[in-house]
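This text goes through a structure step by step for a reader who has not seen it before. Please keep the sequence and the model in view while reading.

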Protein chains: 2
Amino acid sequence: MDSRQLLVDTMSELMWERGYADTSPRHVRERSGVGQGSMYHHFPTKRDLALAALERNVQDLLPATSELDGQGDPMTRIEAYLMRPRAALKGCKVGRMTQDPQVREDPVLLAPVARAFAQVHDSWVRVLREAVAAGQLRADLDTERLAHTLMAVLQGGYVLAIAQQDPGPFDDARAGALDLLRAAAPSHQNTGRTA
Amino acid sequence: MDSRQLLVDTMSELMWERGYADTSPRHVRERSGVGQGSMYHHFPTKRDLALAALERNVQDLLPATSELDGQGDPMTRIEAYLMRPRAALKGCKVGRMTQDPQVREDPVLLAPVARAFAQVHDSWVRVLREAVAAGQLRADLDTERLAHTLMAVLQGGYVLAIAQQDPGPFDDARAGALDLLRAAAPSHQNTGRTA
């Protein structure tokens, strides 16, 4: 792996483990084994490196919407996306950055996070519209709004799980969202409850 | 105000602004004007002070469930709690601590956060059960689960709003949750859409 990539991967790990404020260029050099000259050649400032690390985290996140973007029955895709295995106690690498004090005050560092969420929102809106068109959701639901609700369920579920150090509240939150979506079918079609 | 209280209030502010890792005892002394001797008398370590600050934040949060715990029509109370003015771009002082790397790894610091969320969950379960009993929500909904869904909508809504630097996604997320709750009425009672 080249030293630039190694620096970015290491910064991504350290921001994840320690946050931005508490990660120093020296930590990055020590863990990556990349020398000071090479580091400053690629990234003149810690912020430059953090931006590259955030861009990398976003690239990791986006393929995850493949269930939403796929083909086939919309509610099945929604369920697959909501319920697939997620590391509840680790949280979302991208969403978590909004709570890092120095990141949230820096528009440049927040930009990749904002872009990623906008893209996930688009995927949600598309699949929800397909569910309405397929008669699986009431036509009077505002799909733009509902897309934010469902994104918030996942992001907030991580917060609840970490607080309790238990994945239970995360699993409850998403299963409860699925219960509500099913209850919001036009004619109360009973498609079964999740376990 | 006594120096102990001043230290706790200052630590609460600084953890909010800068996070735990980036807040030093010196920052606290400089902002509070409390001397080193007095500080170490009250709080031998930064962690002792952080714990007191977290307990204080929890005390600030809990009266906020008064809408849920009140009397009167359950769905009206649910709507009042979900939709009341909240500083979307600041986030939840308590929930945010789960994303602070050093806090989330410290069971003692997480304990007040876990306790606060457990108490909010109890309030949610009670009002949701009342809504079921009043015929406002389908009786087959799992209220324990749904309580976590609705807590997650608020916690996750903050994440989305901060990412976009726009309260819109937060307001969407909670309004969308209310839409779903109304759609989950036993007989599709149309109680009106939120604006």
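**Between the chains**

Between chain B and chain A the count is 2 salt bridges, a salt bridge being a side-chain nitrogen of Lys or Arg within 4 Å of a carboxyl oxygen of Asp or Glu. The elements that give two or more residues to the side of chain B that touches chain A are α1 (3–18), α7 (101–104), α8 (107–133), α9 (143–164) and α10 (168–183) of chain B. Helices here are DSSP runs (H or I, at least four residues), as strands are (E, at least two), numbered from the N terminus. With 16 residues, α9(B) gives the most to that side of chain B. The residues on the side of chain B that touches chain A divide into 28 nonpolar, 16 polar and 16 charged. In this division Ala, Val, Leu, Ile, Met, Phe, Trp, Tyr, Cys and Pro count as nonpolar, Asp, Glu, Lys and Arg as charged, and the others, Gly among them, as polar.

The model is predicted: local features need pLDDT of at least 70, side-chain atom pairs count only at pLDDT 80 or more, and totals for chains, interfaces and linings use all residues. Residues are numbered from 1 along each chain as its sequence is written, chains are lettered from A and ligands numbered from 1 in the order in which they are written, and side-chain values use heavy atoms, with hydrogens and water left out.

In terms of contact (heavy atoms within 4.5 Å), 60 residues of chain B meet 60 residues of chain A. The two chains bury about 4,900 Å² between them, 59% of it on carbon and sulfur atoms; buried area is the accessible area (1.4 Å probe) that two parts lose on being put together, summed over both. B:Q99, B:R145 and B:L180 supply 15% of the area that chain B buries against chain A, more than any other three residues.

One salt bridge joins the side chains of A:R145 and B:D179, at 2.8 Å from N to O. The side chain of A:R145 also meets that of A:D142 in a salt bridge, at 3.9 Å from N to O. A:R145 counts as buried because its relative accessibility is 8%, while A:D142 is partly exposed at 28%. Buried means under 20% relative accessible area, exposed over 50%, and partly exposed in between (1.4 Å probe, protein chains only).

**Within the chains**

Over all chains the count comes to 34 salt bridges. In chain B, the closest N and O atoms of the salt bridge between B:E144 and B:R129 are 3.2 Å apart. This pair links distant parts of the chain, with B:E144 in helix α9 of chain B and B:R129 in helix α8 of chain B, 15 residues apart. B:E144 is partly exposed at 37% relative accessibility, and B:R129 is partly exposed at 47%.

A:T143 lies in helix α9 (residues 143–164) of chain A. A:T143 is buried, because its relative accessible area is 10%. Not counting residues up to four places away in sequence, A:T143 touches A:V125, A:L128, A:R129 and A:V132.

A:C92 counts as buried at 9% relative accessibility, and B:C92 counts as buried at 8%.
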